[in-house]
Every structure is written in structure tokens, then in C-alpha cells.
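Here is a brisk report on one predicted model. It takes the sheet, then the helices, then the cores.

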Amino acid sequence: MEISIIIPYNEDRGYLKEAIKSAENQDFTGKYEIILQKGDVFLGENINRGLRRAKGKWIKILSEDDILPPNSLSDLYAGMNGARWACGDAENFGLLKDGWEHSPIYKSLVTGLHEMLRRNNIHGGTTLYERELLFEIG
């Protein structure tokens, strides 16, 4: 297994089916699994429980109210280049009513990791982590 996508949630707030569908519709050609981690605990504990179930070398955490573009896994995986984690861009897309209402896209120019950390603009939903790195960090 190359990648495990963990979707932690406490309750379905109306977005879960779309999150799952976006995970299922990846163009990634390697093997990946989708782990639905439901629990009545804090988000961090749900992620940790999903991580213990994960079989992939790489971990993608997908919030139940986020969606992935079809190329998300393939782009992140290709961009690793020997790194232990990679981060992509995020797009804010609005609220769910009878369909998605698009809001303006938020994009920021980031020149490197130091700048990303200084500005605190690493969106958790855009990252891919080496599984062992998460265990090392704790």
C-alpha cells in the first residue's frame, strides 16, 4: 500500500459523501486505501486512531468537509523528491446548499518552508506525510 487517506470525523455534517467521492476519484495509479475514522473524541485522537489502522507508507489526512481534486495524490506523491512530507495549494470553495457556491480563491505567494511557517499558511488538507514521520513526531 502506497498511500492511506484518513478521513476523521465525529458526525456527517453534510459533506462526507463528497469527501469520500473525491478520495475515490483520484488519478493516482498506485495502491491507496481510504480509512473512515468515526469517533466521539477530539480530532487529534480520531487521526491517531486512523493512523494506527493505516497500511500505507504515506498518509493523507482529509477533513470530512474538504474535497480533493483528482490529481491531488499523484501530484503530491510525484513532488516528494526524497522529502518526508509535501504540501500543495488550497482553494476555498464556499458553502453547501443545493450545490457548492464558489467563493473567491485564496492563493498566496510562498517562497519556501520558512515563509510558510512564519505566515502559518500550511493548510492541513494539502499535505502528504511519510507515515513514520508522524510516529516520530508523536
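## The sheet

Five strands make an open sheet of mixed pairing, in the order 2-1-3-5-4. Strands here are DSSP runs (E, at least two residues), helices likewise (H or I, at least four), numbered from the N terminus. Two strands pair if DSSP finds at least two bridges between them. Strand 2 and strand 4 (85–87) stand at the edges with a single partner strand each, so one side of each has no neighbour in the sheet. From one strand to the next, the twist averages 20°.

Strand 1 and strand 2 run parallel, joined by seven bridges. Ile-6 has Ile-35 in strand 2 as its bridge partner.

The model is predicted: local features need pLDDT of at least 70, side-chain atom pairs count only at pLDDT 80 or more, and totals for chains, interfaces and linings use all residues. Residues are numbered from 1 along each chain as its sequence is written, and side-chain values use heavy atoms, with hydrogens and water left out.

## Helix 1

Helix 1 (residues 16–24) buries Leu-16, Ala-19, Ile-20, Ser-22 and Ala-23. These residues lie on the same side of helix 1, because they cover an arc of only 160° around the axis. The arc is that of the directions from the helix axis to the C-beta atoms. On the other side, Lys-17 and Lys-21 are exposed. Buried means under 20% relative accessible area, exposed over 50%, and partly exposed in between (1.4 Å probe, protein chains only).

Strand 1 (3–9) and strand 2 (32–38) are included in what covers the buried residues of helix 1. Contact means heavy atoms within 4.5 Å.

## Helix 2

Helix 2 (residues 43–53) lies across strand 1, strand 2 and strand 3 (58–61), at about 140° to strand 2. Such angles run from 0 to 180 degrees between N-to-C directions; axes are lines fitted to C-alpha atoms, for helices over the stretch in contact.

Ile-47 belongs to helix 2. Leaving aside neighbours within four places in sequence, Ile-47 contacts Ile-6, Pro-8 and Ile-61.

## Two nonpolar cores

A nonpolar core is a set of buried Ala, Val, Leu, Ile, Met, Phe, Trp, Tyr and Cys residues joined through side-chain atoms within 4.5 Å. The largest has 17 residues; Ile-3, Ile-5, Ile-7, Leu-62 and Leu-128 touch the most other members. Strand 1, helix 1 and helix 3 (72–78) each supply at least two residues of this core. Another core, of eight residues, lies apart from it and includes Ile-6, Ile-47, Ala-54 and Leu-134.
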